[in-house]
Structures are given as C-alpha cells and as structure tokens.
Amino acid sequence: MNLPAQKAHVDNQSVEAITPDRCQLSSDSCNVTTSGLDLAEHFTSADSLSSRQNQAKTSVAAQPQSVQEDEALLIQRICAGEKELFYDLIKPYERAVYVAALSVLQNESDAEEVAQEAVLKAFANLSRFRGEAKFSTWLIQITINEARMRYRKDRAHLYESLDERDTDQEGDYFPKDYADWREIPSECLERKELREALLRGIASLETKYREVFILRDVQNMSIADTAKALNISEANVKTRLLRARLMMRDVLAPGIDGVWSLGDNSWKKVRPW
Amino acid sequence: MEKGETMVSRISTIDCEHVILAISDYIEGEVDLDLHDRIKAHLAECNHCLAIHDGTRNVLTLVADGSVLEVPAGFGTRLYSRLNSILK
C-alpha cells in the first residue's frame, strides 16, 4: 500500500473518521505468565490459544462501554478547562504509546521522545476528538504517525522510504524447516536470553511487519484497531501478521531447540525438508 | 461432498502451502469449521506443518504478556514533567 508522505501528518479528518471498534487497548491487557509453563500441557490446541487470547482481550474489552464513557466525560472536562485531568486520561496508555513508537523506530531514546510528542499533540488536538473512535486508537494512530515522520526525517538518506516498502508485494512466506518446537523448556522461559532473543527477533522484522506484530501480538490490540492505527486494511493486517509470526518463529525456533539447550551455536535439524 | 467421496479424503485435500497460509487464523480460531477440520486433519498427518504451527503458537505465547518490551525507567516521570510545562 502506498503511504504518501503527507499522510504521516496528523490528519484530523482521518482521525475523526475512525469508527468505534471492539477491543479496548490497555497497557496491561494480558497477564499470561509463561514462566515455567509446558506449552504442550497448557495450550494443546488452536482453540486453547484462541480462548487464552480472547480471555486476555476480554479482560480489557469487558469494560469498553464504561471506559469509553468515563473517557468521554474526562475529555469533556479537560476541554472545558480542567486540564490537569489529562494526566488521568493518558495514564492507562503510557506504555502503549511508548511501545507503538518503538515498533516504528527501534530506538528507545527516539521512541520516548516521539511518545512525548504524541501525547502533547493529543492534548493540543483533544477538542477535535469527537469520540467516534476509542481514545486509545486515536492516540496510537497519532503516535504511529509521529513515529513515521521521525523515521522518514532521520533515515530518509539511509534507507528506502516507508512508502516504497509499503508497495512491496505481500508475497507468500515459506517458513524454514527447523526441528520441532513443541514445547518451551521451562528453564528457558526465565532466562534473559529468551527475552533478548525475542527482542532480536522483533528487531529483525521489517518495519511494516514489526508494527503489526507489536500492536496485535504484544499489545493485544484487535485486528480492527491495528488496521486503524496503521491506516491499512484488516486484510493487510492479517497478511502481515502471518508473515511476522512465521518469521518470528523462524528466528526463535533454532534457539529454543538448539542454542540454549545445547549451549553452542548450532541446532539439530531432525527433519529432512 | 461428491458421491463416493469419503470424509477422510475430503479433509485431506488441503496441502501444506494452504495450511501455512491459514495457520495464523487457525491459531486464533478465526477459520470456519470446515477449514478448521481440514487443517486439524492435515496437522495430524504432517509433522512439518505441525512443527510450524507449534512454533508459531509458542511465539504468540511468549510475547502475549507484553513484558518483552519494557518502558524505560523514569519514562512516566519525564512524560509528566513535560506535560506539566503545558498544563500548568
């Protein structure tokens, strides 16, 4: 998809045009603990994972109406002059804003600065927010746009533009043929190596895949919210998500199966394909 | 179902490529019942696709709590300090 440079600006028209959706974003939207788990025991089927994710989202989505009403009231009062209430409005989304910026920029310092800018911009434009979308989606969209502008500004001379990369074919991705990764050894889950491997995996993704993966799978945003925040179609979100997940699996599987359990830089390939 | 076609042959018709294309939706429980059954049957017979399914599902499990991406220490303090400059 083409993403013209001018789209990167906070476009109040498009922001206001966002329609309400299903799932409320939260910085602590999922509390699944992986430590010490045998995945084969806990998630034996696709349905199980689906249930887990639905449960994780439900913990946030169960209260969207009341949350949105509370936020609408807060916004009214802020716009009427009680500016200090903006702290309360922003507080639940601090982390989400930072992580959204990081998904584009991959640099903590830049992400923090952009997160701050996005919050300030949200405050400056709050009177234009009409409540047709969830506040969280609107805020994340502002953040993504700010981050993309920063990305272009800082790296235009170094890398191809996001516009060019967004025109790439979303071709099929064929996963590598690593050994089984049916279980995650419990000792791996608590190691810092695992977190570092996850971070390396996320960093290795192209921006357009990383954005989707982080918003959807790390932040647990809904497909609809992710599409709106990134200004792409839901079908495009799903296509990118599939690819991102398969690439993450390819990055992590050899480590899980080999490096950490064997202590060297190789893994045993047990299948011929 | 065509005459003479058995349930086993019908659900076995999906190939690896199509399973992988649908694996993400399958894991999220967002495929229809027919496709779900065909993928499930395929996974029961194909260790290659099963390994991809399990690995992909494991990735989602590992990142699901969001803790892999931590907010820098003091982030909130610095954010509110900056907000203070315009709110007060």
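1. In this predicted model, α8(A) passes α13(A) in a right-handed crossing. Helix α8 of chain A covers residues 135-155 and helix α13 of chain A covers residues 223-230; their axes come within 8 Å and cross at roughly 40°. The two helices are therefore oblique to each other, since angles under 35 degrees would count as roughly parallel.

2. On the α8(A) side, the contact with α13(A) is made by Thr137(A), Ile140(A), Gln141(A) and Ile144(A). The α13(A) side supplies Asp225(A), Lys228(A), Ala229(A) and Leu230(A). By class, the residues of this contact divide into 4 nonpolar, 2 polar and 2 charged.

3. The crossing of α6(A) and α7(A) is right-handed.

4. The contact between α6(A) and α7(A) draws on Val97(A), Tyr98(A), Ala101(A), Leu102(A) and Leu105(A) from α6(A). From α7(A) come Glu108(A), Asp110(A), Ala111(A), Glu112(A), Val114(A), Ala115(A), Ala118(A) and Val119(A). The class count for this contact is 10 nonpolar, no polar and 3 charged residues.

5. For chain A as a whole, the secondary structure comes to 14 helices and 0 strands. Of its 273 residues, 42% count as buried. Among contacts in chain A between residues at least 6 apart in sequence, 77% join residues at least 24 apart.

6. Chain B has 5 helices and 0 strands, and its elements run α-α-α-α-α from the N terminus on. Chain B has 88 residues, of which 33% count as buried. Of the contacts in chain B with a separation of 6 or more, 59% are accounted for by residues 24 or more positions apart.

7. Within chain B, helix α4 spans residues 47-63, which is 17 residues. From its first C-alpha to its last, α4(B) reaches 24 Å, close to the 24 Å expected at 1.5 Å a residue. Of the 17 residues of α4(B), 14 are buried, so the helix is largely enclosed by the rest of the structure.

Definitions and conventions. Residues are numbered from 1 along each chain as its sequence is written. Chains are lettered from A and ligands numbered from 1 in the order in which they are written. This is a predicted model: local features need pLDDT of at least 70, side-chain atom pairs count only at pLDDT 80 or more; totals for chains, interfaces and linings use all residues. Helices (H or I, at least four residues) and strands (E, at least two) are DSSP runs, numbered from the N terminus. The expected span of a helix is 1.5 Å times one less than its number of residues. A residue is buried if 20 or more other C-beta atoms lie within 10 Å of its own, exposed if 12 or fewer, and partly exposed in between; C-beta atoms are placed from the backbone. Axes are lines fitted to C-alpha atoms, for helices over the stretch in contact, and angles run from 0 to 180 degrees between N-to-C directions. Angles under 35 degrees count as roughly parallel, over 145 as roughly antiparallel, 65 to 115 as roughly perpendicular and the rest as oblique. A crossing is left-handed if the near helix is turned anticlockwise from the far one by less than a right angle, and right-handed if clockwise. Two residues are in contact if their C-beta atoms, placed from the backbone, lie within 7 Å. Ala, Val, Leu, Ile, Met, Phe, Trp, Tyr, Cys and Pro count as nonpolar, Asp, Glu, Lys and Arg as charged, and the others, Gly among them, as polar.
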